[in-house]
Amino acid sequence: MHAAAVPSLLLGLVLAFASAATNQQKIGVTVYYESLCPDSMDFIKNQLYPTYMTDLGAYMNLTLVPFGKAKYHREDSNGKNELVFECRHGSVECDGDKAQACVIHEVKDENAVMKFIQCAMSSASKSTPYPTDKCLKEANITSNAEDLKNCSMSDRGSDYLAEFGAMTTKLSPELTSVPTVYINDKLNASEQASLLSDFKSTFCNYIQGAKPEECSKKNSAASLVSSLLPIFTVLILTRISY
């Protein structure tokens with residue numbers, strides 16, 4: 001073996017080891033939610049998305065399941081056997097669940113999917129049409145945007161949503177609250193409150209070995225309180241001295 005080949009071989013082994021270590025660190029995160037559920041919207045906007053978009057996103061195997069406590073069945077209509085959905089927050093939520101199902105199934109860029117979901121969960125309302133077009137543009141999903149919009153109004157979108165419905169209805173124990181977060185395909189009921197209110201810290205607890213720097217960072221709200229606390233203390237003491 002040539003001497004020059006040894007460093008290359010070692011480098012290859014190091015890279016392979018690093019890749020294996022990263023793969024071992026991947027933690028399954030499955031979120032069962034509804035596209036117009038206020039709690040679901042709050043969790044994705046303020047907990048899941050901000051965490052995913054940091055370095056911690058590389059540690060996740062994320063699965064999004066927009067269905068929640070919806071119901072569906074098949075019925076004959078105009079000579080066709082069609083899927084019919086009933087969603088807790090009305091027909092616009094069914095539209096939203098289908099739109100998200102289409103993007104999740106057909107867009108390969110995970111960051112683009114998350115940007116679409118974040119936009120939709122930040123701007124959707126049951127009193128207006130679902131913002132599919134706006135959020136496809138915001139996520140820079142342009143090459144197949146028209147097909148994705150058609151998907152959300154077609155049998156294809158219904159099939160995707162029914163697939164998520166089957167995933168949700170077969171859960172044991174059955175889904176009782178929305179959103180619900182599974183870690184590594186397991187439900188820890190006692191941990192749900194912390195996952196929903198402080199997802200980053202709770203997720204970091206699952207990372208084995210040396211944790212990424214992001215785990216030691218406080219969220220901006222906590223940092224603001226910490227920075228202002230000495231000022232408030234001085235003001236209170238000053239007022240007491242008078």
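This is a predicted model: local features need pLDDT of at least 70, side-chain atom pairs count only at pLDDT 80 or more; totals for chains, interfaces and linings use all residues.

Biologist: OK, which residue caps the N-terminal end of α4?

Modeller: Aspartate 109 does, with a side-chain oxygen 3.0 Å from the backbone nitrogen of asparagine 111. Helices here are DSSP runs of H or I with at least four residues, strands are E runs of at least two, and both are numbered from the N terminus.

Biologist: And how many residues does α4 have?

Modeller: Helix α4 covers residues 110–123, which is 14 residues, and reaches 20 Å from its first C-alpha to its last, close to the 20 Å expected at 1.5 Å a residue; the expected span is 1.5 Å times one less than the number of residues.

Biologist: Which of its residues are buried, and what do they pack against?

Modeller: Taking buried as under 20% relative accessible area, exposed as over 50% and partly exposed as in between, with a 1.4 Å probe and protein chains only, the buried residues of α4 are Ala112, Val113, Met114, Phe116, Ile117, Gln118, Cys119, Ala120 and Met121. They pack against β1 (27–33), α2 (38–52), β2 (60–66), α3 (91–106) and α5 (132–138), where contact means heavy atoms within 4.5 Å.

Biologist: Which residues touch the most other members of the largest nonpolar core?

Modeller: In that core of 62 residues, Ile141, Phe199 and Phe203 do, and the largest share, 8 residues, comes from α4. A nonpolar core is a set of buried Ala, Val, Leu, Ile, Met, Phe, Trp, Tyr and Cys residues joined through side-chain atoms within 4.5 Å. Leaving aside residues up to four places away in sequence, phenylalanine 203 touches Ile27, Val29, Leu56, Tyr59 and Met60.

Biologist: Back to α3: how many of its residues are buried?

Modeller: The helix is mostly covered, with 12 of its 16 residues buried, and among them are Glu93, Asp97, Lys98, Gln100 and Glu106. Its reach from first C-alpha to last is 23 Å, close to the 22 Å expected at 1.5 Å a residue.

Biologist: Why does glutamine 100 count as buried?

Modeller: Glutamine 100 counts as buried because its relative accessibility is 0%. Beyond residues up to four places away in sequence, glutamine 100 touches Tyr33, Ser35, Pro66, Phe116, Ile117, Ala120, Met121 and Tyr130.

Biologist: Switching to loops, is serine 152 buried or exposed?

Modeller: Serine 152, in the loop between α6 and α7 (155–169), is buried, with a relative accessible area of 11%. Not counting residues up to four places away in sequence, serine 152 touches Lys98, Ala99 and Cys102.

Biologist: What about asparagine 140, buried or exposed?

Modeller: Asparagine 140, which lies in the loop between α5 and α6 (145–151), is exposed, with a relative accessible area of 60%. Its C-alpha and that of phenylalanine 116 are separated by 8.6 Å, although the two residues are 24 residues apart along the chain.

Biologist: Now strands: do β1 and β2 run parallel or antiparallel?

Modeller: They run parallel and are joined by 7 bridges, with strands taken as paired if DSSP finds at least two bridges between them. Tyrosine 32 stands opposite valine 65 in β2. Ile27, Val29, Val31 and Tyr33 point one way from β1, Gly28, Thr30 and Tyr32 point the other way, and all are buried.

Biologist: And how many bridges join β3 to β4?

Modeller: Strand β3 (residues 71–77) and strand β4 (residues 80–86) run antiparallel and are joined by 7 bridges, with phenylalanine 85 in β4 as the bridge partner of tyrosine 72. Their hairpin has 2 residues between the strands, and asparagine 78 takes a positive phi near 55°.

Biologist: Last one: where is pLDDT below 50?

Modeller: It is below 50 over residues 2–21, a stretch with 2 contacts in the model beyond near neighbours in sequence, and pLDDT also stays under 50 over residues 221–242. The protein averages a pLDDT of 85, and 80% of the residues score at least 70; pLDDT is the predictor's confidence in each residue, from 0 to 100.

Technical notes
Residues are numbered from 1 along each chain as its sequence is written. Side-chain values use heavy atoms; hydrogens and water are left out. A polar contact is a pair of N or O atoms within 3.5 Å; within protein, one must be able to donate a hydrogen and the other to accept it, and residues adjacent in sequence count only if both atoms are side-chain atoms.
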